[in-house]
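Please read the following briefing alongside the sequence and the model.

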Amino acid sequence: MDLTVSRPRRLAGEVVAPGDKSVSHRAVMLNSIGEGQATVRNFSPGDDCTSTMGIMRALGVDIARTTGSDDAGDTLVIKGAGIDGLRAADDVLDAGNSGTTMRLMSGILAGRDFKSTMTGDDSLRSRPMGRIIKPLSEMGAVIRGRENNTLAPLEFDGGALNGIEYDLPVASAQLKSAILLAGLRAEGKTRISQPDASRDHTERMLKAMGADIEVDGLNVAVGESQINCVDVDVPGDISSAAFWIVAGLIHPNAEVVIKGVGINPTRAGVITALQDMGGNIELVDERDVAGEPVADVVATTSNLRGTELAGSIMPLLMDEVPIIAVAAAMAEDETIIRDAAELRVKETDRISATVDWLVAAGVEAEAREDGMAIVGSGRIAGGTYQSQDDHRIAMALGIAGMVSEEPIRVVEASCASISYPEFWDILQSLGGIVD
């Protein structure tokens with residue numbers, strides 16, 4: 001499905017952010033291997049989290065799902081199978097397009113006393129899995145993958161797990177979480193050292209569920225643990241909210257309120273970056289929900305300026321780079337993004353995909369090995385641009401259409417449903433013109 005987005009005269013309204021994908025994934029996985037029963041509210045409606053839920057069901061977990069309303073996500077009731085209670089699936093496990101599903105589930109499947117095979121779509125099967133397989137194999141798991149154990153499908157065939165000490169080569173919440181989840185069933189302590197901070201949702205949830213886990217700065221240790229199911233009220237997804245925040249900042253007549261956004265410090269780098277660019281962003285009614293900090297976010301028309309993003313902030317905003325690039329195009333002066341090579345191996349090469357459409361839209365931009373340079377001019381030309389079947393590229397193009405001089409046609413706009421099925425409806429409700 002292709003869609004055309006045109007610039008409205010006024011951009012205003014309230015948005016309820018969909019349930020955070022990262023927290024939704026973990027709420028399903030951890031409660032599925034916990035003892036007892038849990039209710040998960042505001043579960044993410046996207047395809048990625050549905051893939052995680054489908055795999056847990058295939059492994060024998062009883063999960064009931066009730067569809068939510070316009071201002072609340074779905075509700076799950078999960079009957080935990082216990083740390084050792086999963087059973088062999090009848091078929092190949094399908095992670096769809098979700099790297100989070102495949103990498104975290106690898107930690108859960110590692111060392112099980114049954115065989116499993118996990119695959120995904122064409123995009124996921126081309127994404128690197130070697131950095132997950134290496135530490136899990138060192139722990140004793142028997143795992144095989146294509147291309148010398150670097151690509152999915154992945155086959156899991158038992159193995160007795162032992163704790164290890166492991167220095168992460170990159171700051172990656174997915175890698176860290178896979179090791180921690182395997183560590184729950186490993187003999188002895190598993191100790192992880194990070195080069196920089198990364199998302200800490202796994203550590204927070206494991207602590208709430210009674211796991212033997214210790215966090216000391218960038219070091220995390222977990223011991224063999226039984227965990228208890230806990231109810232989770234999933235906060236709003238900041239990666240999804242980022243599109244509306246940028247829309248509110250770059251449109252010349254805008255005020256957008258995004259309700260109930262998770263502002264976990266290990267996720268909120270996009271807010272820091274946009275504020276450093278001069279963005280008028282206000283956090284209202286800050287509160288704590290299920291161990292996660294939450295606030296309503298108000299974004300209003302701003303005169304943005306270029307910035308440099310690199311180093312320790314990058315793991316905190318990696319998913320938001322495509323929409324930050326739109327803000328950079330509408331800002332004054334140059335924005336430099338470095339230390340973002342991870343974007344080369346996402347659903348698509350997001351560095352090339354982002355720069356390609358920006359250049360086609362008349363923006364001075366250059367792709368670099370680990371990032372990009374964008375010279376803002378305050379204008380984006382209309383035209384027809386490829387999403388490359390990447391949900392974040394599609395949604396970034398949609399926001400660009402809200403400020404472009406002529407309409408923007410997004411090819412394969414429907415891929416937004418991977419993370420945000422209601423995206424185009426909400427864009428229209430705020431005043432955007434969608435055909």
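**Salt bridges, sheets and helix packing**

A search of the whole structure finds 31 salt bridges, a salt bridge being a side-chain nitrogen of Lys or Arg within 4 Å of a carboxyl oxygen of Asp or Glu. The model is predicted, so local features need pLDDT of at least 70 and side-chain atom pairs count only at pLDDT 80 or more, whereas totals for chains, interfaces and linings use all residues. Residues are numbered from 1 along each chain as its sequence is written, and side-chain values use heavy atoms, with hydrogens and water left out.

- Asp48 forms a salt bridge with Lys21, and the closest N and O atoms are 2.8 Å apart.
- Because Asp48 lies in helix α2 (residues 47-58) and Lys21 in helix α1, the pair ties together parts that are 27 residues apart in sequence; helices (H or I, at least four residues) and strands (E, at least two) are DSSP runs, numbered from the N terminus.

**The sheet containing β3**
- Four strands form an open sheet in the order β4-β5-β3-β14, with mixed pairing, where two strands pair if DSSP finds at least two bridges between them.
- The edge strands β4 (62-66) and β14 (232-233) each pair on one side only.
- Strand β3 (residues 37-43) pairs with β14 in the parallel sense over two bridges, and Arg41 stands opposite Asp233 in β14.
- Helix α1 packs on this sheet, touching β3, β4, β5 (74-79) and β14, and its direction makes about 170° with that of β3; contact means heavy atoms within 4.5 Å, and angles run from 0 to 180 degrees between N-to-C directions, with axes fitted as lines to C-alpha atoms, for helices over the stretch in contact.
- Helix α2 also packs on the sheet, touching β3, β4 and β5, with its direction at about 145° to that of β4.

**Helix α1 against helix α3**
- Helix α1 (residues 21-32) and helix α3 (residues 99-109) pack at an angle of about 25°, with their axes 11 Å apart.
- That angle makes α1 roughly parallel to α3, since angles under 35 degrees count as roughly parallel.
- His25, Arg26 and Met29 in α1 meet Thr100, Thr101, Leu104, Met105 and Ile108 in α3.

**The sheet containing β1**
- A further open sheet of four strands has the order β22-β23-β1-β24, again with mixed pairing.
- Since β22 (383-386) and β24 (433-434) stand at the edges, each with a single partner strand, one side of each is left without a neighbour in the sheet.
- Strand β1 (residues 3-6) and β24 pair in the antiparallel sense over two bridges, with Ser6 opposite Ile433 in β24.

Methods:
Parallel < 35°, antiparallel > 145°, perpendicular 65-115°, else oblique.
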